Amino acid sequence: MSPDAVVVGSGPNGLAAAITLARAGVSTLVREAQAVGGGLRSADLTLPGFTHDVCSAVHPLALTSPVFRSLPLADHGLEWIQPPAALAHPFDDGSAAVLERSLDQTARGLGPGGDDWRRLHAPFVGVWDRLSHDVLAPPLRPPRHPFLMARFALRGLRSATGLARGLHGERARALFAGNAAHSFLPLESPGSGAFGLLLSVAGHAVGWPIPRGGSQHVADALAAYFRSLGGEIVTGAPVEHLDELRPARVVLLDLSPRQVLRLAGEKLSGGYRRALTRYRFGAAAFKLDWALDGPVPWTAEACTRAATVHLGGTLEEVAASEAAHNSGTVHQRPFVLFVQPTLFDGSRAPDGRHTAWAYCHVPNRYTGDVSERIEQQVERFAPGFRDRVLARSVLTPADLERRNANLIGGDINGGMMDLRQVFARPVARPTPYRTPLKGVYLCSASTPPGGGVHGMCGYHAARVALADLR
Ligand SMILES: Cc1cc2nc3c(=O)[nH]c(=O)nc-3n(C[C@H](O)[C@H](O)[C@H](O)COP(=O)(O)OP(=O)(O)OC[C@H]3O[C@@H](n4cnc5c(N)ncnc54)[C@H](O)[C@@H]3O)c2cc1C
């Protein structure tokens, strides 16, 4: 019998959508072009026995997500590991700023900027549960907690450099800048401050955890729970045209607007088609993974307390790096996001061996090779790192897109996350998930609240679909 609903794509949003439908009693099939998981896949990218996260690695948003928190994922094999600190940010003098779980401990380590750090983040840490509900909801709907959201927006709408310069001292400014740089935006742009604020507050409130065994375990737990509800997943089954999915009453597309145009462009009305065509993709990731014969030899001891390490030096340097890729080049010393999961999860490599994951930002569809610059940034803060490398994997923007068709030109967020596209994602409506085609919905990171592993795009889209079904 054919299912009532088909979800195309098994990324975190596709799986969250499928689970939401299945939980409501709708028979649901997921069709996936590759293996299960989208941005949650792990693979032996370097040597046998070394497990690497191909895309996402660190999951403050998954732990925050209202939908993931409502699911019995631990019963399906998911275990979170919390490193002692969320994040370390080393400097050339051999010290490091550390985003600790405790706001006070973080502030104590930031010298003159400590009190400013506390003042900026304290209003949101204790109320993260409430705030995250609104931050992870469609932006054109009335928030559940309007005063709290207004307070957050007043700060978050500012530029990252504006907010960072309000903090005293290089250490606090650099720590904030590194978090804001996750936006891929120029740090002078309005709204870039929100990313810094969001990730810092999440670090204090829920930590920056990693899943035991690799991110694939998040996908596998979601898939196992979905199957326990009677759902079916077919892998290695790319959908080429929307017509293949009929007679399902509901179709949810965990795809970017570019793919939706390819699958169904001729069926879409002119206005909607134009909106999808105008939708902009952002800068790309250039990614390296390493198999190592020992832990990373950091100069700053504090870097061994966190899975995530931001390699970029001062606020000015991070801002210059983000400005470079936004104007079509790559900085000589690019800001590098670095993760060392095996310090806290020995299951991912043979005994005594380690893995590391890193990427820097490059222009969309960049064809150059920045491996050398990335490794020089690691060497800068961990001299001798290269002597520990047993094997490396290089994933260019084109490689990333080959592995997952949603990563257009290497964009990892499903489209640029500037202020305009936070609100028009991909269209400026309170329910941007509906398409003009009856029963067809978008549910990927190209809808609100956007990129990251939280599943909330899928959850919101499925709720709209369920309401329409009824
Ligand atoms: C290098 C990198 C690092 C990242 N790091 C982090 C991180 O540390 N933390 C974090 O929270 N987020 C991170 N992200 C972002 C996160 O992975 C994405 O935002 C998230 O996976 C988006 O989920 P999604 O369900 O919208 O799409 P995806 O996860 O991209 O899933 C889309 C799925 O659709 C499938 N598909 C595409 N076309 C078709 C078709 N025609 N037919 C059938 N199936 C199709 C794809 O194969 C894929 O499985 C990272 C991403 C990358 C690439």
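A salt bridge here is a side-chain nitrogen of Lys or Arg within 4 Å of a carboxyl oxygen of Asp or Glu, and by that rule the count comes to 23. This is a predicted model, so to speak of local features we need pLDDT of at least 70, while side-chain atom pairs count only at pLDDT 80 or more and totals for chains, interfaces and linings use all residues. Residues are numbered from 1 along each chain as its sequence is written, and side-chain values use heavy atoms, with hydrogens and water left out.

**View 1. Arg212 and Glu79 join up across the sequence.** Their side chains form a salt bridge, 2.9 Å from N to O. Arg212 sits in the loop between β8 (210-211) and α11 (216-228) and Glu79 in the loop between α3 (66-69) and β5 (80-81), so the pair ties together parts 133 residues apart in sequence. Helices (H or I, at least four residues) and strands (E, at least two) are DSSP runs, numbered from the N terminus. Arg212 is partly exposed at 33% relative accessible area, and Glu79 is partly exposed at 38%; buried means under 20%, exposed over 50% and partly exposed in between (1.4 Å probe, protein chains only).

**View 2. Arg380 meets Glu317 in a salt bridge.** The closest N and O atoms are 2.7 Å apart. Arg380 is in helix α15 (residues 371-381) and Glu317 in helix α14 (residues 315-326), so this pair ties together parts 63 residues apart in sequence. Arg380 is buried at 17% relative accessible area, and Glu317 is buried at 15%.

**View 3. Arg118 and Asp115 pair up within a helix.** The salt bridge is 2.9 Å, N to O. The two residues are 3 apart in helix α5 (residues 114-125), which means about one helical turn separates them. Arg118 is partly exposed at 28%, as is Asp115 at 45%.

**View 4. Asp134 is buried but has no salt bridge.** Asp134 is part of helix α6 (residues 128-135). The nearest side chain of opposite charge, Arg144, is 5.5 Å away; Lys and Arg count as positive and Asp and Glu as negative, with His and the chain ends not counted. Still, the Asp134 side chain reaches the backbone nitrogen of Arg144 at 2.8 Å, a polar contact (a pair of N or O atoms within 3.5 Å; within protein, one must be able to donate a hydrogen and the other to accept it, and residues adjacent in sequence count only if both atoms are side-chain atoms).

**View 5. Strand β7 is covered on both faces.** All 5 of the 5 residues in β7 (residues 96-100) are buried. Ala96, Val98 and Glu100 take one side, Ala97 and Leu99 the other. Strand β6 (residues 85-90) pairs with β7 in the antiparallel sense over 5 bridges, pairing being at least two DSSP bridges between strands. Leu99 is the bridge partner of Leu87, and Gly94 in the hairpin has a positive phi near 90°.

**View 6. The largest nonpolar core has 58 residues.** Such a core is a set of buried Ala, Val, Leu, Ile, Met, Phe, Trp, Tyr and Cys residues joined through side-chain atoms within 4.5 Å. Trp117, Phe152, Phe176 and Leu187 have the most contacts inside it. Apart from it lies another core of 40 residues, including Leu71 and Ala462.
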